[in-house]
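Trainee: I would like to go through this model with you. Could we take the rings, the pockets and the sheet in turn?

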Amino acid sequence: MIIQQIYTGCLAQGTYYIQSGNEAVVIDPLREVQPYIAKANAEGATIKFVLETHFHADFVSGHLDLARQTGAQIVYGPTADTNFKAHIATDGEEFKVGELTIRALHTPGHTMESVCYLLLDKDGKQLALFSGDTLFIGDVGRPDLAQKASELSQDELAGLLFDSLRNKIMPLDNDVIIYPAHGAGSACGKNMSSETTDTLGNQKKYNYALRQNMTRDEFIAEVTHGLLPPPSYFPENVKMNKEGYGSIDGVISRGTQALLPDEFEQAANATGALILDTRHAQTFAKAFIPNSVNIGINGSFAPWVGALISDMQQPILLVTDEGREEEAVTRLARVGYDHAMGYLKGGIAAWIAAGKDVDDILSVTPGDIPDGAQIIDVRKINEFETAHVIDTENIPLDYINDSMAKLNKHDTYYVTCAGGYRSMIFNSVLRARGYKNLVDIDGGFNAINQSGKFKIVQQDI
């Protein structure tokens, strides 16, 4: 028997490969499916089922391409309605994979079709639960995402989630291993652990949502408290997962076209494409194509693309480090941004050699920040409240379009985040919109705190 968790840090997402004998299943695959096919081929197995725990909102699943290429059957939970051929499981239905049995447990609440998959050995012993977005390590799925589709309120969905946890999951054996679809960093919950697996018994002890003496009303109040608005791309990803999408092979082929500087410039002018620069923040700061936006690939690239680029049909031209073009296109496609048109061949060096204009953003260390400087902190509200420089204004990057009006284009602002990744995104977006006097703080709040130059306000714990 093989149980492999394939974890993707950028999305804080877990895909699962399970094999018994010469049969395998894949649960919640990412869009690029070749790694799963290669794994099965290497193990001498045939992928029999593609099991989906629900219609994912935070990424585009690879169920369609994986089924097309392997002949595997796509399985969704009860009430799911798709525009493609899929098996809609009934509550308690069982699927045989070699000597193993996988039982579908309908667990509505996060979404109405949410299902968990209970893995049983040949003797019927409960081994593992692939819990999707119903149960995380330290948290449960947010109940506000499926309100429109289900015509139920947030509180009504939370009530269903309470029932699912109490009636379907908590009665399982305590030594069952929980394999969730996400970990810390995902927007599908609010209090997820950095751990990506645990036993059910341990979760009953430490997960606030599984308290034995918790009432239904208490659960609803706690699960719905403090939920931030979901990223704008979530509904579009759900739509793609339900209705279908083009093959990722075509997306990658289009997006990895090498464009010389003149071709790149002509394409940008002709299409109004967004120039997305995926290099490291400090490398970007030294020289970049005017009006380009920096979202570094060495970070939470796809979620920030989804949060900040509102139009998923937006044509995109890429500036990347050499050899990372296909990676950038693939990671865009994971969240449904399928309209990359190509990349700058030779990178920024080729652009400069061709005599094209470049821009730059001043970046300073904390020691170079003058006394009385206006400091903008673009971290999330909870990060800011935990600790921040006194008299600093919090303008979270998540809400840049709503809060940029707070800034005067003629004033100078020093911009910080935790380590410098988000502040450069913020600076590049506003620079493209005409804010010329933003200064980046290299190393972010971590460097500020270590410098000892500024008075830090810390939250009492």
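Trainee: Which residue lies over the face of Trp-351?

Mentor: That residue is Lys-356, which lies at 6.0 Å from the ring centre. Please keep in mind that this is a predicted model.

Trainee: And what lies over the face of Phe-445?

Mentor: Arg-379 lies there, at 4.3 Å from the ring centre of Phe-445.

Trainee: How many aromatic pairs does the structure hold?

Mentor: There are 10 aromatic pairs in the structure.

Trainee: Which residues do ring pairs link into a cluster with Phe-130?

Mentor: The cluster joins Phe-130 with Tyr-16 and Tyr-179 through ring pairs.

Trainee: Let us turn to pockets. What volume does the largest pocket have?

Mentor: Its volume is about 1400 Å³. The lining of this largest pocket is made up of 47 residues.

Trainee: Which of them lie nearest its centre?

Mentor: Nearest the centre of the largest pocket are Ala-187, Leu-228, Pro-229, Lys-380 and Asp-398. Two or more lining residues come from each of the elements α11 (301-308), α14 (381-386), α15 (400-403) and α16 (421-432).

Trainee: What is the make-up of that lining by class?

Mentor: The lining of the largest pocket has 25 nonpolar residues, 13 polar ones and nine charged ones.

Trainee: How much space lies in the second largest pocket?

Mentor: The second largest pocket holds about 570 Å³. Its lining comprises 22 residues, and those nearest the centre are Leu-145, Ala-146, Lys-148, Ala-149 and Val-238.

Trainee: How many bridges join β16 to β17?

Mentor: Three bridges connect β16 (residues 316-319) with β17 (residues 340-344), and the two strands run parallel.

Trainee: What stands opposite Leu-317 there?

Mentor: Gly-342 in β17 stands opposite Leu-317.

Terms used:
Residues numbered from 1 in each chain as written. Predicted model: local features only at pLDDT ≥ 70, side-chain atom pairs only at ≥ 80, totals over all residues. Heavy atoms only, no water. Pairing = 2+ DSSP bridges. Helix = DSSP H or I, 4+ residues; strand = E, 2+ residues; numbered from the N terminus. Phe/Tyr/Trp six-rings, centres within 6.5 Å; stacked < 30°, edge-to-face > 60°. Lys NZ or Arg CZ within 6 Å of the ring centre and 35° of its normal. 1 Å grid on protein atoms, 1.4 Å probe; cavity = no way out; pocket = protein on both sides within 12 Å on 5 of 7 lines; lining within 4 Å. Points joined across faces, edges and corners; volume = space filled by probe spheres on them. Nonpolar A, V, L, I, M, F, W, Y, C, P; charged D, E, K, R; others polar.
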